[in-house]
Amino acid sequence: ESVLHLFYIFSELESLPDYFLLENVQGFEFSQTRDRIMAFFSQHGYHVQEYLLNSNQLGIPNSRLRYFLLARKRPFPVDGKEGTIRREVDMGTKVQPALSQYLDVNPGPEYELGDKFLGKWGRLLDIVTPSSTRSCCFTKAYTTKAEGAG
């Protein structure tokens, strides 16, 4: 609903932006919301490219497949079938940065997972070190819920 509300607001603007970028969860590409957004772009003369990409493909040291939609007024260069969801993007050769570039040096104790939690759920976690160059999704929800939190 919140995504559709944004597009309702856009439709009320006197002038629409030249570009849109939408990011969402994998599976969004099959949703009714996506279909309505595509109709909006078609109605307003936008050209659309869709992607399912892992964050690692974009130089971000996190393994999580995400849906991306790019829309613009000018046509995209022809590089594939219209209406297909691309699974690759040419970003050149990227060196993945170490996670230490993103971590707090001294995180507070509120981020520590207790022994009881680790004993029960530790096998589900992606244990990495600051020198690691990739991780799986980690959210604040892990402190209360391990399964389905990321």
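**Entry 1, whole chain.** I looked up the contacts in the chain between residues at least 6 apart in sequence: 66% of them join residues at least 24 apart (a contact means heavy atoms within 4.5 Å). I note that this is a predicted model, where local features need pLDDT of at least 70 and side-chain atom pairs count only at pLDDT 80 or more, while totals for chains, interfaces and linings use all residues. Residues are numbered from 1 along each chain as its sequence is written, and side-chain values use heavy atoms, with hydrogens and water left out.

I then took the burial figure: 31% of the 150 residues of the chain count as buried (buried is under 20% relative accessible area, exposed over 50%, partly exposed in between, with a 1.4 Å probe and protein chains only). The accessible surface of the chain comes to about 10700 Å², and carbon and sulfur atoms hold 53% of this area (Shrake-Rupley method, 1.4 Å probe; for residues, only the protein chains shown count as cover).

I listed three helices and four strands (DSSP runs numbered from the N terminus, helices being H or I with at least four residues and strands E with at least two). Read from the N terminus, their sequence is α-β-α-β-β-β-α.

I found an open sheet of four strands in the order E1-E3-E2-E4, with mixed pairing (two strands pair if DSSP finds at least two bridges between them). E1 (19-25) and E4 (85-86) are at the edges with a single partner strand each, so one side of each has no neighbour in the sheet.

I followed E3 (residues 65-72) next. Eight bridges pair E3 with E2 (residues 47-54) in the antiparallel sense, and seven bridges join E3 to E1, also antiparallel. Which residue of E3 is the bridge partner of Leu22? I read Leu69 for Leu22, and Leu69 is also the bridge partner of Glu50. For Val48 the partner in E3 is Ala71. I also counted burial: six of the eight residues of E3 are buried, so E3 is largely enclosed by the rest of the structure.

I checked Ser55, which sits in the loop between E2 and E3. Is Ser55 buried or exposed? Ser55 counts as buried because its relative accessibility is 12%. Leaving out residues up to four places away in sequence, Ser55 touches Ile60, Asn62, Arg64 and Arg66.

I went through H1 (residues 2-12) and noted Val3, Leu4 and Phe7 as its buried residues. These three cover an arc of only 95 degrees around the axis, which puts them on the same side of H1 (the arc is that of the directions from the helix axis to the C-beta atoms). Their cover includes E1 and helix H2 (32-43). On the face turned away from the buried side I found the exposed residues Ser2 and Glu12.

Leu6 also lies in H1. I list Leu6 as partly exposed because its relative accessibility is 44%. Together with Tyr8 and Ile9, Leu6 forms a nonpolar surface patch with about 290 Å² of accessible area. Patch residues have over 30% relative accessible area and no salt bridge; like charges are joined within 9 Å and nonpolar side chains (Val, Leu, Ile, Met, Phe, Trp, Tyr) within 5 Å. A salt bridge is a side-chain nitrogen of Lys or Arg within 4 Å of a carboxyl oxygen of Asp or Glu.
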